[in-house]
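Please take a look at the model below.

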Amino acid sequence: MTGLPDELPPDFRAFHQLHRGAYVHRAEVYLGNRADAEEAVDEAFEQLARSWTRVLAMENPAAYAWKVMKHRAIDVARARNRGPCLVDNATFETAALRDAIDPIAMLEESLNLYQAIKKLPERQQDVVILLHCRGYTVAQTATHLGITEAGVRSTARYARRRLQQLLETTEGNNADDLAH
């Protein structure tokens with residue numbers, strides 16, 4: 001990290017070590033590019049380091065840091081004249097697609113799923129991406145988002161319901177398209 005003191009506080013270094021991997025994973029899903037994700041996350045940590053004392057005084061430093069990271073990812077996307085890459089990135093990373101009997105049908109399902117994920121509220125998107133797309137545990141997801149484990153489980157439950165509604169609507173629209 002540039003523009004920072006040579007010796008960062010031990011609590012900041014621990015925070016950085018705990019969260020950087022998840023932040024890069026989330027930023028990479030948004031940006032569709034590992035190098036851009038690392039740049040965004042490094043910028044976020046530089047911002048956090050410069051105001052670390054204030055960050056620690058906040059009610060929920062982890063939740064604040066998560067927001068800073070997401071804003072930096074948005075800034076990097078804007079700087080490159082790009083929008084979110086959730087569909088492009090996540091669809092083609094699906095391991096099931098490689099082993100599918102009917103990869104075209106699986107691709108269509110994946111595209112529908114990731115389009116539906118994009119329609120979820122922001123917190124639900126974060127939980128779904130960390131839990132289901134990146135394989136974090138409930139406890140890890142709670143730690144990175146700065147919410148309780150019960151909050152993660154509840155958010156995941158609401159997200160599943162909403163995804164089911166969205167996917168049922170998509171399937172209905174696809175059936176209507178085929179009938180015409």
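## Two helices in contact

Which residues in helix 1 meet helix 4? This is a predicted model. From helix 1 come Phe-15, His-19, Ala-22, Tyr-23, Arg-26, Ala-27, Tyr-30 and Leu-31. On the helix 4 side they meet Pro-61, Ala-62, Ala-65, Trp-66, Met-69, Lys-70, Ala-73, Ile-74, Val-76 and Ala-77. The residues of this contact divide into 15 nonpolar, one polar and two charged.

Helix 1 spans residues 10-31 and helix 4 spans residues 61-79. Their axes come within 10 Å and cross at roughly 40 degrees. The crossing is right-handed.

## A buried histidine

His-19 sits in helix 1. Its relative accessible area is 2%, so His-19 counts as buried. Leaving aside residues up to four places away in sequence, His-19 touches Phe-45, Ala-62, Thr-143 and His-144.

## Salt bridges

The structure holds 11 salt bridges. One of them pairs Glu-7 with Arg-13, at 2.6 Å from N to O. Glu-7 is exposed, at 57% relative accessibility, while Arg-13 is partly exposed, at 38%.

Asp-42 and Arg-20 also meet in a salt bridge, at 3.0 Å from N to O. Asp-42 lies in helix 2 and Arg-20 in helix 1, so this pair ties together parts 22 residues apart in sequence.

Glu-39 forms a salt bridge with Arg-80, with the closest N and O atoms 2.6 Å apart. Glu-39 is in helix 2 and Arg-80 in the loop between helix 4 and helix 5, so the pair links parts 41 residues apart in sequence. Glu-39 is partly exposed, at 30%. Arg-80 is partly exposed, at 30%. Salt bridges with shared partners join Arg-26, Lys-70, Glu-122 and Asp-126 into one network.

Key:
Residues numbered from 1 in each chain as written. Predicted model: local features only at pLDDT ≥ 70, side-chain atom pairs only at ≥ 80, totals over all residues. Heavy atoms only, no water. Axes fitted to C-alpha atoms, helices over the stretch in contact; angles between N-to-C directions. Helix = DSSP H or I, 4+ residues; strand = E, 2+ residues; numbered from the N terminus. Left-handed = near helix turned anticlockwise from the far one by under 90°. Contact = heavy atoms within 4.5 Å. Nonpolar A, V, L, I, M, F, W, Y, C, P; charged D, E, K, R; others polar. Buried < 20%, exposed > 50% of the residue type's maximum accessible area, 1.4 Å probe, protein only. Salt bridge = Lys/Arg side-chain N within 4 Å of Asp/Glu carboxyl O.
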